[in-house]
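Open the model in your viewer and keep the selection panel at hand. The stops below go from one selection to the next.

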Amino acid sequence: MLRHWYECKKPVKISKKPLTNPTEPIKKYDAIVVGAGPAGATAAYFMAKSGLDVLLLERGPYPGAKNCGGASLIAEHTHKLFPNFWDECECERIVTQQAYWLMTEDSILSSSFQSMKLAAAPFNRFTVKRRNLYKWLCDKAMNAGATLLLNHQVDDVIFEDSQAIGVNMAPQLNCRFLADIIVLADGANSLLAEQAGLVPQVSPQDLSLYVKETIALPAQVIEDRFNLPPGYGSIIGLVGYPTAGFNGTGSIHTFKESININVGMPVADFAKSGIKPYELLDRIKKHPLIKPLLAGGVTLEYGSSVIPEGGYHAIPELVHPGLLIVGDAASLVNGTHGFNLSMWSGFFASQAAYQAKISRDFSKKKLSLYQTLLNESFVIQDLKANAKMAGLQQRVPYLFNLYSQLANETAYHMSKVYTMPKRAKRVFIFKKITSIQPLTKIASDVWKVLKVIP
């Protein structure tokens, strides 16, 4: 199914012709991709590489304009799509340290793994800035022959009966584009798909709002403070205190000359608690053990984004007559693979589009190859394996915060030297912990967690 990776069947051609003049005949494309993020740009690249005439529409003034910060890029997955991508894409650091911090207001219990084995090609992870990744993917799509139009917001999808045949642009553009296949990659909570009645409205519990800040620091300062060899990086997951008692997560990514902090939790929990998103970020920045890591830094950018985190059961119907939904718009997101699920969904969509083009059949049945490829891949299999995690977090809303507290309390008393025998100390710690959460409740929660672990 991956035999088309390295094929490039037609010469590159980038259209310079204005396409928004309503007086000109409407040009029909093989495919229109709405959204120039990782999923959309990847779909556009592979479709154009296969010889399809592709129009990539982005509402922002440049790819990634509404995004800030960065994340990790899984090297193996990306290398399979874009061999030796690290020679082209502007990556920040090769990640050699992965850590998780369970936090309370004054403590951190950490688990960390650091190895130079992770620095050997084809590597494991890279930290990347979103805008650099988006630009690189769009450049590849254009070099393969796709046409990219910026500042082009799609208003709605055009249907002929139930067959998608094009898109209407926002009123100020006064134009529309036609195509055999429409690929919706318009981000989390796809309003185009919802407006067309293709997907239900996403629940606030299945959408998480993340707030992010990038802070400039000299490279050597970053390496000294995070105990990193020159040029290498760290990714740290943050659990517990940062999300103020609610289930959610944060992270720290080290870039070449900056640090990115992000933290988020379900939109429903923001609404229920009245907590402002920036307050979560402040909790991290003012933490007594993190504040020194940021000392002297200068804020470069600050923003937020919404990510679908409803998991497997929140994935809508992705294949429709003449239309495919990919990436965040398809809720194809998990905490580990991030960008990579999006890019692979774009790749699989491109394969289905290519086969449909060959057969001149753009029916739902023909395009269902996209769903088949997804189902056979790690994308759906990983989401399916973790399908019960979202429900667990809703049933045990104190999971991350309470057990971070218990873990830190246990570590504190184990580290502290008391004037009592060791056996008496163990009994003392046991009573301390079970006074916070009864043993039967702990056992019940552990059982709930074990039941959802694949």
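**Salt bridges and a glutamate**

Start by selecting Asp180, which counts as buried at 8% relative accessibility. The model is a predicted one. Asp180 belongs to strand 10 (residues 176-184) and Lys28 to strand 1, so the pair links distant parts of the chain, 152 residues apart.

Next, select Arg93 and Glu223. This is another salt bridge, with 2.9 Å between the closest N and O atoms. Arg93 is in strand 4 (residues 91-103) and Glu223 in helix 5 (residues 219-225), so the bridge ties together parts 130 residues apart in sequence. Arg93 is buried at 3% relative accessibility, and Glu223 is buried at 12%.

Move to Lys27 and Asp53, where the closest N and O atoms of a salt bridge are 3.4 Å apart. Lys27 is partly exposed at 37%, and Asp53 is partly exposed at 26%. The structure holds twelve salt bridges.

Now select Glu301, in strand 15 (residues 298-308). What does the side chain of Glu301 reach? A polar atom of that side chain lies 2.8 Å from the backbone nitrogen of Gly69, and a polar contact of 3.0 Å joins the side chains of Glu301 and Thr214. Residues that Glu301 touches include Cys68, Arg131 and Lys212.

Finish at Val446 in helix 16 (residues 439-452), which is partly exposed at 42% relative accessibility.

Technical notes. Residues are numbered from 1 along each chain as its sequence is written. This is a predicted model: local features need pLDDT of at least 70, side-chain atom pairs count only at pLDDT 80 or more; totals for chains, interfaces and linings use all residues. Side-chain values use heavy atoms; hydrogens and water are left out. Helices (H or I, at least four residues) and strands (E, at least two) are DSSP runs, numbered from the N terminus. A polar contact is a pair of N or O atoms within 3.5 Å; within protein, one must be able to donate a hydrogen and the other to accept it, and residues adjacent in sequence count only if both atoms are side-chain atoms. Contact means heavy atoms within 4.5 Å. Buried means under 20% relative accessible area, exposed over 50%, partly exposed in between (1.4 Å probe, protein chains only). A salt bridge is a side-chain nitrogen of Lys or Arg within 4 Å of a carboxyl oxygen of Asp or Glu. Lists of a residue's contacts leave out its neighbours within four places in sequence.
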